[in-house]
Amino acid sequence: QVQLVESGGGLVQPGGSLRLSCAASGNIFSRSTMGWYRQAPGKQRELVATITSDDYTNYVDSVKGRFTISRENAKNTVYLQMNSLKPEDTAVYYCNAVFISFNVATYWGQGTQVTVSS
């Protein structure tokens, strides 16, 4: 069973930065596509960024140029560097792992709160 544990959330002023981390257990990390999603109050969960096992990245338009997703396979960890944060970035951020073999296995972390406010 894979477990994902996020950390790094908190309160930051507009224009500030945070780095989220997601540590994964198990031995499938390097072969998984990893992603960050977020869910604001009253809204649906949305994709923020993904990174494949080959390091191809994808971002939602609203964070392009401000957020960077990266992974460190030796540490089974994926990161989300968030710069120039805006109040509309306020949400619970969730780590996601998708591993495809004979079927598709999807895993979620418990989430970490990011609040952007002055």
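A salt bridge here is a side-chain nitrogen of Lys or Arg within 4 Å of a carboxyl oxygen of Asp or Glu, and by this rule the count comes to 5 salt bridges. The structure is a predicted model, so local features need pLDDT of at least 70 and side-chain atom pairs count only at pLDDT 80 or more, while totals for chains, interfaces and linings use all residues. Residues are numbered from 1 along each chain as its sequence is written, and side-chain values use heavy atoms, with hydrogens and water left out.

Take the salt bridges around Arg38 to begin with. Arg38 meets Glu46 in a salt bridge, at 2.6 Å from N to O. Buried means under 20% relative accessible area, exposed means over 50%, and partly exposed is in between (1.4 Å probe, protein chains only). On that scale Arg38 is buried, because its relative accessible area is 6%, whereas Glu46 is partly exposed at 31%. Arg38 also forms a salt bridge with Asp89, with the closest N and O atoms 3.0 Å apart. Arg38 lies in strand S4 (residues 33–39) and Asp89 in the loop between strand S8 (77–82) and S9, so this pair ties together parts that are 51 residues apart in sequence. As for the labels, helices (H or I, at least four residues) and strands (E, at least two) are DSSP runs, numbered from the N terminus.

Asp89 has a relative accessibility of 1%, so it counts as buried. Asp89 forms a salt bridge with Arg66 too, and here the closest N and O atoms are 2.8 Å apart. Arg66 sits in the loop between strand S6 (57–59) and strand S7 (67–72), while Asp89 is in the loop between S8 and S9, so the pair links parts that are 23 residues apart in sequence. Both Asp89 and Arg66 are buried. Through shared partners, salt bridges join Arg38, Glu46, Arg66 and Asp89 into one network.

Next comes a different kind of link. A disulfide is a covalent bond between the sulfur atoms of two cysteines. With a disulfide taken as a pair of cysteine sulfur atoms within 2.5 Å, the count comes to 1 disulfide. It joins Cys22 to Cys95, with 2.1 Å from S to S. The torsion about the S-S bond of Cys22 and Cys95 is about -80 degrees, so the disulfide is left-handed. Cys22 lies in strand S3 and Cys95 in strand S9 (residues 91–100), so the pair ties together parts that are 73 residues apart in sequence. Cys22 is buried, at 0% relative accessibility, and Cys95 is buried, also with a relative accessible area of 0%.

Now for the sheet that holds S3. Two strands pair if DSSP finds at least two bridges between them. An open sheet of 4 strands runs in the order S1-S3-S8-S7, with antiparallel pairing. Strand S1 (4–7) and S7 stand at the edges with a single partner strand each, so one side of each has no neighbour in the sheet. S1 and S3 pair in the antiparallel sense over 4 bridges, and Leu4 stands opposite Ala24 in S3. On the S8 side, 6 bridges join S3 to S8, and these two run antiparallel. Leu20 stands opposite Leu80 in S8, and the bridge partner of Ser21 in S8 is Tyr79.

S3 is mostly covered, with 5 of its 7 residues buried. Contact means heavy atoms within 4.5 Å. Leaving out residues up to four places away in sequence, Ser21 touches Val5, Glu6, Ser7, Trp36, Thr77, Val78 and Tyr79.

What about the nonpolar core? A nonpolar core is a set of buried Ala, Val, Leu, Ile, Met, Phe, Trp, Tyr and Cys residues joined through side-chain atoms within 4.5 Å. The largest nonpolar core has 32 residues, and those with the most contacts inside it are Leu4, Trp36, Val78, Leu80, Met82 and Tyr93. Strands that each supply at least two residues of this core include S3, S4, S8 and strand S10 (104–108). The largest share, 5 residues, comes from S9. Val78 is in contact with residues including Leu20, Cys22, Trp36, Ile69 and Cys95, leaving aside its neighbours within four places in sequence.
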